[in-house]
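Here is a short report on one structure.

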Amino acid sequence: MTTHTNDIENTTVLVTSATGKTGRRVAERLAARGATVRAGSRSGATVFDWEAPETWAPALRGADAAYVAYYPDLAAPGAVEAMDVLGRLAAENGVRRLTLLSGRGEPEAVQAEEALRAAASGVGLTVVRASFFAQNFSEGLLAEGVAEGAVVFPAGDTAEPFIDADDLADVVVETLTADGHAGRVHEVTGPRPVGFAEVAAEIARVSGRPVVYRPVSEAEYAGLLGGFGLPAGEAEWLAGLFATLLDGHNASATDGVKRVLGREPRSFTEFAAEVWGGAAA
C-alpha cells in the first residue's frame, strides 16, 4: 500500500458533482479520513455548477486538491473547453493535486484529459479511467428498468467489466491522499467482463424476481430516451456514446484497482448479492 505522506487532516479537498454516484462516495471517504471536504453542487454549501463557470474559482480558492467529475461526460461537446478553463483556475488558485474521472476507451475524453493536463500547469494530475459502473443498474440510468423487470440497452451481446463505484471511490481517494500518482493514468475495471444478459440473470437469481435483458439498436434507444423527455440531440448523442463504448473494444478487464489498492475489485456477483440479495420474498 502506498504511504500517505501528506497531512490529510490539514487538507481541503473540493469534490465536484458531490451528489453523484462517485462524488458522494469520494466525499464520504475523504471526510472519514479527516479531510476538510468541500462538497460541490449546484445548491449545496459549496456552490459548483458545471454549467456556471463563474462558480468554479470560488470553490477552488484555498483548496489543496480536487476531484473532477465532469457532467455529463468528458466525451460530451464542450468538455475540452471546460477542462481548459478549470485547469487554469486550479493552477491560479494554488491547487496542488487533481484527480480526474474519465471514461475508458473514449477518444474524445482523452482530448479533455489532455486539455486539463496542459492548462493545469504545475498541478499534479492523476487520471482515473473507469469502465461502466455496476451501480448503473441500482441507482443509475438502468435502475428503473431493473425494477420493472427488463434491462433495455444498445449493447448487443458485448461483455463489460463493470466496476463497483465503491472500488472506484477508494481508488480516487488513494490518488488524492497518497503520493506517487501525479502524472499517472489508472484504468480501473471489475475483475472480469460480464454480458448484459448475464447481469440480468444474476439480478434475477439473487432477487428472486424476473429480470431479462432486451438489446435494442442505437436508434431505438435514442427514441426511448426521447420518450423520457430527453431532448432529441442529447438522446442521440447519449445513445451513440453507449453504442460506441459497447462495441467490444472495452471488453477486457484490467488490474488497475489491485495496482492502486493492493486488493482485487469486487465482482458483479458480489455487488448483486449485496444490493438485491435480500429482495426475495
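## Salt bridges

The model holds 20 salt bridges, each a side-chain nitrogen of Lys or Arg within 4 Å of a carboxyl oxygen of Asp or Glu. This is a predicted model: local features need pLDDT of at least 70, side-chain atom pairs count only at pLDDT 80 or more, and totals for chains, interfaces and linings use all residues. Residues are numbered from 1 along each chain as its sequence is written, and side-chain values use heavy atoms, leaving out hydrogens and water.

## The pairs of R266

R266 forms a salt bridge with D164 (2.4 Å, N to O). D164 sits in the loop between β8 (159–160) and α6 (165–177), and R266 in the loop between α10 (256–261) and α11 (268–276), 102 residues apart. Helices (H or I, at least four residues) and strands (E, at least two) are DSSP runs, numbered from the N terminus. Both D164 and R266 are buried. Buried means under 20% relative accessible area, exposed over 50%, partly exposed in between (1.4 Å probe, protein chains only).

R266 also meets D166 in a salt bridge (3.9 Å, N to O). D166 lies in helix α6, so this pair ties together parts 100 residues apart in sequence. D166 is partly exposed, at 22% relative accessibility.

## Confidence

The chain averages a pLDDT of 95, and 97% of the residues score at least 70. pLDDT is the predictor's confidence in each residue, from 0 to 100. Over residues 1–5 the pLDDT is below 50. Where pLDDT is low, the predicted coordinates should not be read in detail.

Notes. Contact means heavy atoms within 4.5 Å.
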